[in-house]
Structures are given as structure tokens and as C-alpha cells.
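I opened this notebook to keep track of what I looked up, entry by entry, with the cut-offs written beside each term.

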Amino acid sequence: MAFVIIGLLLIALGVYLAYFQRRKTGDALLDIQATQTSTIADVKESMADMASISDTYREYCELKGTVKSKNPQKAPFSQKDAAFYKAETYRVYEEEQIVTDSEGNRTKKLVKKEEKISEEESGEELILTDANGDSINMETVGVSGAFDLVKTADRFEPVNSYNENNFFQNPRRRFTSFNGGGFGSGSRMLGYRMVEYAFLTGQRLYLLGDAYMNAGQLTFGKPTEKGKQYIVTAKSEEELVSSKESAKKAAFFGGIACAVIGVIMIITGIVK
């Protein structure tokens, strides 16, 4: 019976990957390929033309340029000049666990674990400037989870060299702290792992989303139309197209493989 249930689940997964996930990736690929790159001047002109018709007009567009923040800042771990960053801190510790082998023998074993204790992101507004020198503001609050940031740091610091007070001194940071649980018996604190992702100042970005007017300022943000792609990445358009095409193929062939294995498991379960 278990073989039959697992087989049905694999077939369902196969259908999801080969049809729904492949279609979703294909729609994203179509948006990228069908949307022509605009200059910021083009977008400004469109917004001006539509101003007398609708003050809520939004234009779906593809933009390219370099990014900076309105106020200079340093990423906390790499100390690089960052337009935007996210940073996470994990405490790293060893915990003693009792392990039972196949013969019922119980032994103590030290297991290394990580637990997130804080996460933060920069709070500065972003500006994209295209090749013609024109600029557009970029949303960050509430949409930064979709940013395809570049990893700029991933390092471990022993427990004695980590100064937690300095970490939280910058009042511009928007961070969330995680208290975490207490250590059990036999546990030992090792140190902290610090991971950072960022768009560096002057980094080239590819944007796909909505342009709109916000308090008189031309702004780029997440599309309001359902199904439209929202992309903010340091990848080039060519890299994006290549990755989407690969993902589309992987979803199709992965789905077929899951479905075939599922059928085999169902047949095996019935025969048994």
C-alpha cells in the first residue's frame, strides 16, 4: 500500500513540474523576451503623456542601469560600499546527542548546529541611473524579498571575537532579532556565522516591473497586474533567459521522470 501512495504522490509531483511549473517558468521567460528595453527618458515621456488621462497610470517596462543609494553606506560584514544589503547572523554551537545504532548500542555524539539570531536590511532609498544619465527611484520596503542579491560575505567568527554591541549601533538598519532557545546539557558555543547579500554601489542591474509616479517622483516597483513578472537582479538579460530556459527544460524532464518512477512504484505495490 505504501508503494501505491508514494507512487501517486510522485505522479502528482510529476504533473505539477511538467505542466504547471514549466508553464510558470515559460510565462516568466515570455515576459522577459517580449518586453523591450526602455530608457528612463522614454518612460518619463509616457508618464507625462498619460498624466492628463490617469494619475494612477503604471507602465510595465524593462530597464537597465547602475544602482546607488541616496545615502552612502557600508555593508556590515564586508564593509563594501553597498546600495542595498541584507545580512544574517547565526550562532554556531555543538550539541551532545545520544545516537542509537542498528544493534541498539547508544553512544554520545557532538552535532554542529546553527540558529539564526538576527537579520537586517539597509533602509536607504535606491536610484537606478541608465546609460543616458536619467534616473528613477526604486521601491525597497516590502519588495526586497524578490531582489536577486549577490552574496558578498559568508564567514565564521569565534565566539570571543564577536562584538555584538557594535553590530546593532547603526540606527538606519531595519533588523529583526531572534532570541533563540537555550542550550541543553553538553552544548558548547563555538561562534557566529555572518552572511551578507548586496547590490554594490555602481553595480549594473536588470529591472522588470512597473514604473509609476509617487509623490511627483518617477518610481519603479512591483507590478500590480496579476501574473506579471517582477525582477530586480544583477544578472544580465542574456543570463536570465539562459537560466529560465534551463529551468523550463529541467521542470519538464524532472516531471516526466517523477511520473515514470511513480507508475513503477504503483505497479510494484500492486504486484506485491
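Where is the place of Q79? I find Q79 in the loop between β1 and β2, with helices (H or I, at least four residues) and strands (E, at least two) taken as DSSP runs numbered from the N terminus.

Before going further I note that this is a predicted model, in which local features need pLDDT of at least 70 and side-chain atom pairs count only at pLDDT 80 or more, while totals for chains, interfaces and linings use all residues. I also note that residues are numbered from 1 along each chain as its sequence is written, and that side-chain values use heavy atoms, with hydrogens and water left out.

Entry on backbone angles. Most residues other than glycine have a negative phi. Q79 has a phi near 60°, and its relative accessibility of 48% makes it partly exposed (buried is under 20% relative accessible area, exposed over 50%, partly exposed in between, with a 1.4 Å probe and protein chains only). A215, in the loop between β10 and β11, has a positive phi of about 55° and counts as exposed at 76% relative accessibility.

Entry on the whole chain. I count four helices and 12 strands, and buried residues make up 37% of the 272 residues. Taking contact as heavy atoms within 4.5 Å, I see that 77% of the contacts between residues at least 6 apart in sequence join residues at least 24 apart.

Entry on the cores. A nonpolar core is here a set of buried Ala, Val, Leu, Ile, Met, Phe, Trp, Tyr and Cys residues joined through side-chain atoms within 4.5 Å. The largest has 23 residues, and L63, I136, M138, F147, L205, L207 and V232 have the most contacts inside it. Among the elements that give two or more residues to this core are α2 (40–50), β1 (58–69), β2 (82–100) and β10 (204–214). A second, separate core of eight residues includes Y85, A87, A153 and A198. Returning to F147, I find that it touches F84, L126, E139, T140, F199, Y230 and V232, leaving out residues up to four places away in sequence.

Entry on helix α1. Which residues does D31 touch, not counting residues up to four places away in sequence? They are Y60, L208, G227, K228 and Q229. D31 lies in α1 (residues 2–34) and is buried, with a relative accessible area of 12%. L29 and S242 are 213 residues apart in sequence, yet their C-alpha atoms are 9.3 Å apart in space.

Entry on the largest pocket. I take a pocket as an open set of points on a 1 Å grid over the protein atoms alone, where a 1.4 Å probe fits, with protein on both sides within 12 Å along at least five of seven lines; lining residues have an atom within 4 Å of a point. The lining has 15 residues, of which A28, Q229, Y230, I231 and K244 lie nearest the centre. Helix α1 gives the largest share, four residues, and α1, β12 (231–233) and α4 (237–271) each supply at least two.
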